[in-house]
Amino acid sequence: MRLLKVATCNLNQWAMDFDCNINNIKESIAKAKEAGAVIRLGPELEITGYGCEDHFLELDTVTHAWECLKELLVGDWTDGLLCSFGMPVIKGSERYNCQILCMNRKIIMIRPKMWLANDGNYRELRWFTAWKQKDQLVEFQLPGDVSKAVSQESVPFGYGYIQFLDTAVAAEVCEELFTPSPPHAELALNGVEVFLNASGSHHQLRKLDIRLRAFIGATHTRGGVYIYSNHQGCDGGRLYYDGCASVVVNGDLVAQGSQFSLNDVEVVIAQIDLEAVASLRGSISSFQEQASCKTRVPSVKAPYNLCQSFNLKMCLSGPLKIKYHSPEEEIAFGPACWLWDYLRRSGASGFLLPLSGGADSSSVAAIVGCMCQLVVKDIANGDQEVKADAIRIGQYTDGQYPTDSREFAKRIFYTVFMGSENSSEATKSRAKVLADEIGAWHLNISIDGVISALLTLFQTVTGKRPQYKIDGGSNAENLGLQNIQARIRMVLAFMFASLLPWVHNKPGFYLVLGSSNVDEGLRGYLTKYDCSSADINPIGSISKQDLRSFLRWAATHLGYSSLADIEAAPPTAELEPIRSNYSQLDEVDMGMTYEELSIYGRLRKIFRCGPMSMFKNLCYRWGAKLTPQEVAEKVKHFFKYYSINRHKMTTLTPSYHAESYSPEDNRFDLRQFLYNVRWPYQFRKIDELVKELDGDRVHLGESSDLGDAPHGGGMGVVAAGSGNPNVGL
């Protein structure tokens, strides 16, 4: 037997905070050594933090990374332990995203990333060059101070693997695993048994299964040990890196770390018999045949043994059942951990949330409540780092610390119901009950006086006073009156967030939380600079349908029972007067349902459909119930209001990224914000096609909407996928 003990980790790094990052790295190494591991894998770019973005263009960032690596090499951190460290490296004129493989105070080789992540949230080609020389390793001249410290002038640099005396180990960096021709396939044929994947992979609802299936697939038919490490936490931006450090052997998961956690360092250990890899490969005829005519990959020899012989004191890791969270749990725990990182690292003293009693703001309140529960739970489990942060933020003295989530929420969470003459007693009551369940410090205030003062000022200047549409006013008057209420709430929210700590003799400031969802952003169903404008928004990339499911789950699992009533209430902005024959409803205002919005969003972003392509696909999806003319009107209505309101996305509050059809303009969904909102050419083409289709009659049978009709029927991949929340991962 060749017994191998390996360690991988989830690290909560912080972009550009080198002290934080190297301390976490050292702690992970100490835990790996304590467990007896001989391999320690850390996440991609762990020394600098993954999210440095344009800071990678600064020479200081690369210089400081080398300084930190030197600190790790001159100490005993790599003694007897193969360590893979992630950092940027400049070779010649090019900057590379590299894994530095070190052992016994020496650099064995530097492995630059060959295939860079450059879509969705990722822009690696902006900062790094892809390594393209696969046929040889070249020499890399170490920086002078590093060279002197480790007594090495140069080290091998490039694509290759390390041949130890008893096994072969290679790096495969993040995105490379997901390419059409991943390196591990070729490396396996060259005898590599252990693959080290350092990653910087963000959380997205329902995404984890895609990632784990990739690890399993990498070793299921060709054998091998696949070790995966990831960041975990908010490292300074919109993304939450969701950990889940794992070890897979021959297609079986044998170790899995947490997906969501407040811990800064989590080390996952696995104990493996490499003979299982050799045995599987030897039993697969096609593997043997392909290995006999393989393309040779360069290697570096390392004169060390990593394995032990048969030893009953070393128990082997067996197959595990994969641990998945439900989407509702992901919405609870992911944004909660993201909020905690933002709170403790921003220097703020807490959060303030305008709580309307509706589904969106109530979801945010529940997530903050979940955060408080996680903090208290981790403190009870002995996490000293979380305890120290909670004592500082909550202003505990005399040895006290949080032991009750409601008491902790009272110290760090303000909620404010800002009612007007258009607000109902039902929403006011729901907000108060939910705040009490969570433990928040709650205020009920009326904004009518402020609104009246503004309208009086307007009347004094113009001689006119606007009226609501229901009272005889125009559309412009009606919209203007709604926007005044919405924007005043934003101004008041920031005023209370900055001054309430002073009122209560607390230091610092409170972060204002936003609560607009991804569908409202896509449609533009929000007022620019209203309560959607905040410091951060934990639900800005989550759909209304997912939020409603979350509310039903949280009513039971988080203990906030009032959320059930909130979820059951019809969504309303409460910006127009309530009359016996009229009550404002979101879906009526928008001219589309939230379910339809999700479908439009997936077709527009995930399936890259313009107006014509969307119309054609929805003719299949809705063709059993709607005529082509009706489908055309819906598509044109969506694109009209999407383009009218696209400018609002340029000022959208930084939001937790969770959904693949997010319209977030700053990083993810890069499009113009000034459109010809009539879409004259595209809409004309749709009208021509409607005319050809005899557009005033239903064309398809009922079975077409099911997506599984026999004999080649159904709606096709794109139309079917438009209703599937799992697409686009």
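# Exercises on contacts and burial

Lys605 is buried, with a relative accessible area of 18%; buried means under 20% relative accessible area, exposed over 50%, and partly exposed in between, using a 1.4 Å probe and protein chains only. The model is predicted: local features need pLDDT of at least 70, side-chain atom pairs count only at pLDDT 80 or more, and totals for chains, interfaces and linings use all residues. Residues are numbered from 1 along each chain as its sequence is written, and side-chain values use heavy atoms, with hydrogens and water left out.

## Exercise 1. The surroundings of Lys605

Determine which side chain meets Lys605 in a salt bridge, and over the face of which residue Lys605 lies.

*Solution.* 
- Step 1. Apply the criterion for a salt bridge: a side-chain nitrogen of Lys or Arg within 4 Å of a carboxyl oxygen of Asp or Glu. The partner of Lys605 is Asp669, with 3.3 Å from N to O.
- Step 2. Locate the pair, given that helices (H or I, at least four residues) and strands (E, at least two) are DSSP runs numbered from the N terminus.
- Step 3. Lys605 lies over the face of Phe668, 4.5 Å from the ring centre. Another such contact places Lys387 over the face of Tyr401, at 4.1 Å.

## Exercise 2. Local and distant salt bridges

Of the 32 salt bridges in the structure, examine those of Arg213 and Lys634, and state where the partners lie.

*Solution.* 
- Step 1. Arg213 bonds to Asp209, with the closest N and O atoms 2.9 Å apart. Both residues sit in helix H6 (residues 208-220), four residues apart, about one turn of the helix. Asp209 is partly exposed, at 26% relative accessible area.
- Step 2. Lys634 forms its salt bridge with Glu596, the closest N and O atoms lying 2.8 Å apart. This pair joins distant parts of the chain, Lys634 in helix H22 (residues 628-645) and Glu596 in helix H20 (residues 594-606), 38 residues apart.
- Step 3. Lys634 is partly exposed, at 25%, while Glu596 counts as buried at 14%.

## Exercise 3. An aromatic pair

Classify the geometry of the rings of Tyr50 and Tyr122.

*Solution.* 
- Step 1. A pair of aromatic rings is described by the distance of the centres and the angle of the planes. Rings of Phe, Tyr and Trp (its six-membered ring) pair if their centres lie within 6.5 Å; planes under 30 degrees apart count as stacked, over 60 as edge-to-face and the rest as tilted.
- Step 2. The whole structure contains 30 aromatic pairs. For Tyr50 and Tyr122 the centres are 5.9 Å apart and the planes stand at 75°, so the pair is edge-to-face.
- Step 3. The two residues are 72 positions apart in distant parts of the chain: Tyr50 in the loop between strand E2 (39-41) and helix H2 (59-74), and Tyr122 in the loop between E5 and helix H3 (124-127).
- Step 4. Tyr50 is buried, at 8%, and Tyr122 is buried, at 12%.

## Exercise 4. Strands E5 and E13

Describe how strands E5 and E13 are covered, and identify the strands with which E5 and E13 pair.

*Solution.* 
- Step 1. Two strands pair if DSSP finds at least two bridges between them. Strand E4 (residues 94-103) runs antiparallel to E5 and is joined to E5 by six bridges; Leu101 stands opposite Met109 in E5.
- Step 2. Because six of the seven residues of E5 (residues 106-112) are buried, E5 is largely enclosed by the rest of the structure.
- Step 3. E13 (residues 246-249) pairs antiparallel with strand E11 (residues 225-233) over four bridges, and Ile227 stands opposite Val247 in E13. E13 also pairs antiparallel with strand E14 (residues 252-256) over four bridges, where Gln256 is the bridge partner of Ser246.
- Step 4. In a regular strand the side chains alternate between the two faces of the sheet. In E13 both faces are covered: Ser246 and Val248 on one side, and Val247 and Val249 on the other, are all buried.
- Step 5. The hairpin of E13 and E14 has two residues between the strands, and Asn250 in the turn has a positive phi of about 50°.

Key: A charge sits over a ring if NZ of Lys or CZ of Arg is within 6 Å of the ring centre and within 35 degrees of the ring normal.
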